[in-house]
Amino acid sequence: MRSLGSLITETRNPHSERIDELSTLEMLTVINNEDATVAAAVASELPRIATAVDTIAEHFAQGGRLFYIGAGTSGR
């Protein structure tokens, strides 16, 4: 089992480390720039996402259920 500290989602984002010291416009620019990276990250995972969706759909067709649990934000 991997420790949470090894997951990129659980590390500090160097682009927003001092976000509390920025002006409002600078802060929003940092957030917007980071949000812009999401589409490329999702695109690179589309084959795996498609496999997951197909598997979930097959289980739904057999009466299965999906429990979706999440918490938190990007830690900005």
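The side chains of R18 and E21 meet in a salt bridge, with N and O 3.1 Å apart. The term salt bridge stands here for a side-chain nitrogen of Lys or Arg within 4 Å of a carboxyl oxygen of Asp or Glu. Side chains of opposite charge can pair when their charged atoms come close. Both R18 and E21 are exposed, where exposed means over 50% relative accessible area, buried means under 20%, and partly exposed lies in between (1.4 Å probe, protein chains only). By the salt-bridge rule, the count comes to 2. In the other pair, R48 joins E45, and the closest N and O atoms are 2.9 Å apart. R48 counts as exposed because its relative accessibility is 61%, whereas E45 is partly exposed because its relative accessible area is 30%.

The model is predicted, so local features need pLDDT of at least 70 and side-chain atom pairs count only at pLDDT 80 or more, while totals for chains, interfaces and linings use all residues. Residues are numbered from 1 along each chain as its sequence is written, and side-chain values use heavy atoms, with hydrogens and water left out. The pLDDT, which is the predictor's confidence in each residue on a scale from 0 to 100, averages 88 over the protein chain, and 86% of the residues score at least 70. Among the helices, α2 has the lowest confidence, with a mean of 93, and α3 the highest, at 97.

The protein chain has 3 helices and 0 strands, and its elements run α-α-α from the N terminus on. Helices (H or I, at least four residues) and strands (E, at least two) are DSSP runs, numbered from the N terminus. The 16 residues of α3 should span 22 Å at 1.5 Å a residue, and this agrees with its end C-alpha atoms because they are 22 Å apart. The expected span is 1.5 Å times one less than the number of residues in the helix. After α3 comes G63, with a positive phi near 90 degrees.

Helix α1 (residues 24–35) holds M27, which is partly exposed because its relative accessibility is 28%. Leaving aside residues up to four places away in sequence, M27 touches I19 and L22; contact means heavy atoms within 4.5 Å. M27 and S16 are 11 residues apart along the chain, and their C-alpha atoms are separated by 8.2 Å.

How much of the protein chain counts as buried? Of its 76 residues, the share is 4%. The protein chain exposes about 7000 Å², and carbon and sulfur atoms supply 59% of this area. Such areas come from the Shrake-Rupley method with a 1.4 Å probe; for residues, only the protein chains shown count as cover.

On this surface, V38, V42, L46, I49 and V53 make a nonpolar patch of about 400 Å². Patches are made of residues with over 30% relative accessible area and no salt bridge, joining like charges within 9 Å and nonpolar side chains (Val, Leu, Ile, Met, Phe, Trp, Tyr) within 5 Å. Both α2 (38–44) and α3 (46–61) supply at least two residues of the nonpolar patch, and the largest share, 3 residues, comes from α3. I49 lies in α3 and counts as partly exposed because its relative accessibility is 37%.
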